[in-house]
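Please view the sequence and the structure together while reading.

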Amino acid sequence: MINIWVWCGMVNDSLEPDSAMLIAKARELGSCITAVVIGKKPDLADSLRGADMILWCGESARAWKKGEILTQMLKTYLPDIVLFPAASESSLVAAHAAVQLETGLCADCTDLRIEDGQLIMHRPAFGGGVEADIVCPHHRPQMATVRTGVFAPYVQAEGKQEYEEFLPKAVIQEPIKLISSVMLPASKNLQNADIIVAGGLGVGSREGFALLQELADVLGGQVGATRAAVDAGFASWKHQIGQTGHMVHPKLYLAFGISGAIQHIAGMHGAECIISVNTDPRAPIFSYSDFAITADWKSIVSQLIVRLSK
Ligand SMILES: Cc1cc2nc3c(=O)[nH]c(=O)nc-3n(C[C@H](O)[C@H](O)[C@H](O)COP(=O)(O)OP(=O)(O)OC[C@H]3O[C@@H](n4cnc5c(N)ncnc54)[C@H](O)[C@@H]3O)c2cc1C
């Protein structure tokens with residue numbers, strides 16, 4: 001039996017969306033799944049579905065203190081594996097607990113699997129030049145932070161959840177004094193978009209990407225880009241999709257002027273429906289597409305904007 005804990009971070013008293021994604025993956029890997037929450041008491045919301053137990057501690061604390069409490073929890077229950085979203089506060093909590101427990105922490109994983117009862121933590125290394133499988137054979141728990149959006153969230157609501165409150169021992173005096181904090185405005189989120197209008201080098205210019213933005217606005221979607229398009233200056237890095245960019249799972253992925261290199265496919269193959277437009281009928285992206293259109297991207301985008309705007 002493999003016991004897996006999923007750290008469910010809180011942002012502004014709400015659970016991080018990636019908690020659901022990690023519970024889904026944990027469900028696939030292990031037999032007993034615990035969702036760990038420190039902060040506001042979670043209502044047994046959809047985002048925690050799939051966990052067998054919810055372990056909750058009501059301390060409202062900052063990252064270092066949460067790491068301290070999590071360490072106490074881990075020493076008490078001794079799970080085999082702990083997974084965290086690779087978000088900033090969750091990564092701090094993970095690092096703090098790993099140091100306290102003298103175990104390893106593999107950061108920013110893009111895939112996870114179990115072999116012979118051991119967690120294999122997969123991630124690009126050396127700037128994406130190598131795909132590495134990393135293990136933690138001698139220390140427990142095995143700990144990993146996981147990149148946003150790499151797995152689909154849990155969809156089936158089933159099973160009963162147990163609920164347990166953890167009462168921590170007194171934690172040490174706070175070593176850090178918070179002087180002020182600033183909430184950054186929420187940015188439009190490529191990872192959570194239902195519709196993505198993506199462009200590649202074939203789009204040819206920044207002006208071309210402005211047209212893709214127009215189509216995305218009409219559809220209520222977001223613009224994505226290949227690394228080649230980003231390197232050419234047609235779009236900024238925040239739009240990059242793929243092995244060294246964002247991992248996305250939209251319902252609809254429209255790909256214009258994209259060849260379909262494996263490093264791009266790695267970031268978008270989880271899309272429910274892929275429609276691609278390319279002038280080359282042998283473009284590799286066609287073999288990943290539900291609908292393949294051999295045409296100039298601009299004529300298709302222009303027609304779509306006109307028709308969908310009506
Ligand atoms: C370590 C590493 C990490 C990488 N990480 C990523 C990553 O995260 N994301 C990523 O995207 N790439 C990544 N790459 C780069 C990747 O290998 C490809 O080079 C890149 O995805 C190609 O982008 P592209 O499809 O836009 O360009 P190209 O491969 O040049 O393809 C352009 C396509 O546009 C088509 N085209 C041209 N004109 C038109 C037109 N008028 N209308 C329609 N179609 C047209 C062409 O037929 C062609 O198929 C990585 C590479 C390495 C080595």
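The model is a predicted one, in which local features need pLDDT of at least 70 and side-chain atom pairs count only at pLDDT 80 or more, while totals for chains, interfaces and linings use all residues. Residue numbers start from 1 along each chain as its sequence is written.

The axes of H2 (residues 63-77) and H3 (residues 88-101) cross at roughly 50° and come within 8 Å. Such axes are lines fitted to C-alpha atoms, for helices over the stretch in contact, and the angles run from 0 to 180 degrees between N-to-C directions.

On the H2 side the contact includes Trp64, Leu70 and Leu74, and on the H3 side it includes Leu92, Val93 and Leu101. Residues are in contact if their C-beta atoms, placed from the backbone, lie within 7 Å. The residues of this contact comprise eight nonpolar, four polar and three charged. Here Ala, Val, Leu, Ile, Met, Phe, Trp, Tyr, Cys and Pro count as nonpolar, Asp, Glu, Lys and Arg as charged, and the others, Gly among them, as polar.

## Helices H4 and H7

H4 (residues 206-219) packs with H7 (residues 297-309) at an angle of about 30°, and their axes are 10 Å apart. H4 is therefore roughly parallel to H7. Their crossing is left-handed.

In H4, the residues that meet H7 include Leu211, Leu215 and Val218, and their partners in H7 include Val301, Ile305 and Leu308. The contact of H4 with H7 has nine nonpolar residues, one polar and one charged.

## Domains and overall form

The domain assignment, automatic or from a database, gives domain 1 (3-165) and domain 2 (195-309). Their C-alpha centres lie 32 Å apart. Six residues of domain 1 touch seven residues of domain 2; on the domain 1 side, three are nonpolar, two polar and one charged.

The protein chain has seven helices and 17 strands, both being DSSP runs numbered from the N terminus (helices: H or I, at least four residues; strands: E, at least two). Its C-alpha trace spans about 65 × 45 × 40 Å along the principal axes.

Note on methods:
Contact = placed C-beta atoms within 7 Å. Parallel < 35°, antiparallel > 145°, perpendicular 65-115°, else oblique. Left-handed = near helix turned anticlockwise from the far one by under 90°.
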